[in-house]
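Student: Hi! Could we go through this structure together? I'm new to helix packing.
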Amino acid sequence: MQIELKLFMRFKDFLPEGAVDGKTPMTLEKGTTFESLLKIIGMSVTEDKIIVINGISHKQGSAVNALQLKNNDVVAIFPPIAGG
Amino acid sequence: MNSWPGKLLRVNLTQGTWTVEDIDPQAARDYIGGRGLGTKMFCDEVSPNVDALSPENKLIFMTGPLTGTGAPASARYMVVTKSPLTDTIASSNSGGYFPAELRFTGYNAIIFEGKSDKPVMLWIHEGNVELRPAEHLWGKTTNITEDIIRDSIEDAWLAQETRIACIGPAGEKLSKLACIMNDKHRAAGRSGVGAVMGSKNLKAVVVKGSEGIQAANFEEFKIAIRAAMHKLSTGPVTSEGLPTYGTAILVNIVNECGILPTNNFQKGTFANAGKISGESIAENIMSRNKGCFACSIACARMTCIEDPKYAGHGEGPEYETVGLMGADCGIDDLAPITKANYLCNEYGIDTISAACTVATAMELYEKGYISKEKAGMDLSFGNGEAMVKLITQMGTREGLGDDATDGSYDLAVKYGFPEAFMGVKKQEIPAYDPRGVQGMGLTYATSNRGACHVRGYTIANEILGVHEKLDPLVTEGKAATVKVFQDLTALVDSAGLCLFVTLTPGFGFEDMRALLRGATGFDYTVKEVKDTGERVWNLEKLFNMKVGFTKDDDTLPKRLLEVPLTEGGPKGQVCRLEDMLPEYYELRGWDKEGIPTAEKLLALKLDKQVFKS
């Protein structure tokens, strides 16, 4: 299955080679969880982050870690930010 | 000697006189300062029925006990008056260096009364107070006004140390969107406070102090400052995100969550958001970041535009500005967005309301309510040149700008399509679509100064998870969240701190209590400071009720309540305000009509509040 991965700010360092504008399509095995995705790209599971999957922001922790990704999912990950 | 509550300067502009008064210590304890104490003074002295642009309205510049002290982000002052835009109580906040300098003059507040027959400026220099003629400044933009004033001071060092707040042409021409600018780039932006200053023929307030600020309990204050500083300097948002990318860092995440207002709130996602993001600003137009007085965050962006059509330099754009002048006007080019921001600062117009008004004008144009002949330009969404032109006209009341400069409510009504107004209580909604973040809908609807994001910034928890991560699409529990955010915000606004201190995990009522005890000497408890925030909120509510506002005004535009978003994560969602409002009233101790109960007023020591008729 294929997903789109978008990483922002300093997290861009974790993008696989060939990514353009902070995003890249990724081919994953069916059933890959969000936590597995983090391990594939070498990101810490516990480091503070903001997780948005298909436009829905998720609470960091076991529930989202265990979430099985689906074909065409869009996964966006941001370092902690705020403003306004 | 303790500097709080200290003294206020009362300036009668009609007579050209002034007096010095002691600030009532009990009122200072109960309302702290800034937004709270300013509102208390205003409510005691001015009838809720006053015409906002008449000499009978008053304009209060109010610092807080922490302003200028060296407490982290202690750079803020508050302008309190009755708003010509909303007819509600107005309290508009600004940072920079003017507020701290105002405290160094020895006056913690200035109350302006009446109306001068000619343009004047208040000049407070090292102990001397003067009202000086300002005819030569009338018609000048805010940046030129500052330059002329500073150039008139012979001693170069003194000139450099002098701080100035002023209005631009928009305030002089009584634009309901006019703001009061200070330090050239910082704005007491919202609710048309600049028009009130203009209506009094008061062009500028010029301050250079010579007094220090004494904390009542210096040792206790030092400890509290250190603890707060530690939180700010280690918190990820205040130590990394905001200094590096500024507030516009939010563009991408807000867009990713499908709540970035686009084409006057007709959509919640903007295809080219990345081009106008904080990252893009940092890479393409930013020259350096900048901080306000005593602030380690330094979120401001000094920028420069080289494109000859939009060339200029200045500060901004901030998130709300770039979100609304960008996505909400369908514009993905930072050059016209930034130029429009500079123009707003120079003419003295609130960027949030101005941008929303341009977006409203664009919708009216595209739907045929404003003709091309009337517009005098192609006002289609996405036309950056047209946005810059309309903002210029709003600054000078020329062409369509004469109608637009009084805000999008008046504009949409005048041109026959009121549904295009995206605001609450006649004030425009900031850059978060509440259909995809339910708590913000309640925040907007219940805000005492009309739609506003800094009256209860639940984005912090609903989207960003700063203190705890909440689901933005559910309504359960949001009434309680909104109330806590509103009360904490009222407290921070009253103390003289920047609201961004609350974006630090772990910063809360206990930190505020410790800082306030140290600075004021009042032996506040946590409950007392919590109650203060709630007291301020209820006093504002009482003022608005006396003006005639009711439950019917605690609502949102039909589009946000009835027309679902069509894409992104919140696809299919509307703002379910009716699910939250009754619980909110109950938690506030208000009846079903949103009226504070006698018990609640008694508990908050508001039962004896009397308003002038």
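Tutor: Happy to! One definition to start: a crossing is left-handed if the near helix is turned anticlockwise from the far one by less than a right angle, and right-handed if clockwise. Helices (H or I, at least four residues) and strands (E, at least two) are DSSP runs, numbered from the N terminus. This is a predicted model, where local features need pLDDT of at least 70, side-chain atom pairs count only at pLDDT 80 or more, and totals for chains, interfaces and linings use all residues. Residues are numbered from 1 along each chain as its sequence is written, chains are lettered from A and ligands numbered from 1 in the order in which they are written, and side-chain values use heavy atoms, with hydrogens and water left out.

Student: Which way does H21(B) cross H25(B)?
Tutor: H21(B) passes H25(B) in a right-handed crossing.

Student: And what's the angle between H21(B) and H25(B)?
Tutor: They pack at about 50°, with axes 8 Å apart. That makes H21(B) oblique to H25(B) (angles under 35 degrees count as roughly parallel, over 145 as roughly antiparallel, 65 to 115 as roughly perpendicular and the rest as oblique).

Student: New topic: why is H19(B) largely enclosed?
Tutor: Nine of the nine residues of helix H19 (residues 438-446) of chain B are buried, so the rest of the structure largely encloses it. Buried means under 20% relative accessible area, exposed over 50%, partly exposed in between (1.4 Å probe, protein chains only).

Student: What covers the buried residues of H19(B)?
Tutor: The cover includes helix H21 (478-495) and helix H25 (577-588) of chain B.

Student: Is B:Glu315 buried or exposed?
Tutor: B:Glu315 counts as buried, at 4% relative accessibility. B:Glu315 lies in strand S15 (residues 312-315) of chain B.

Conventions: Contact = heavy atoms within 4.5 Å. Axes fitted to C-alpha atoms, helices over the stretch in contact; angles between N-to-C directions.
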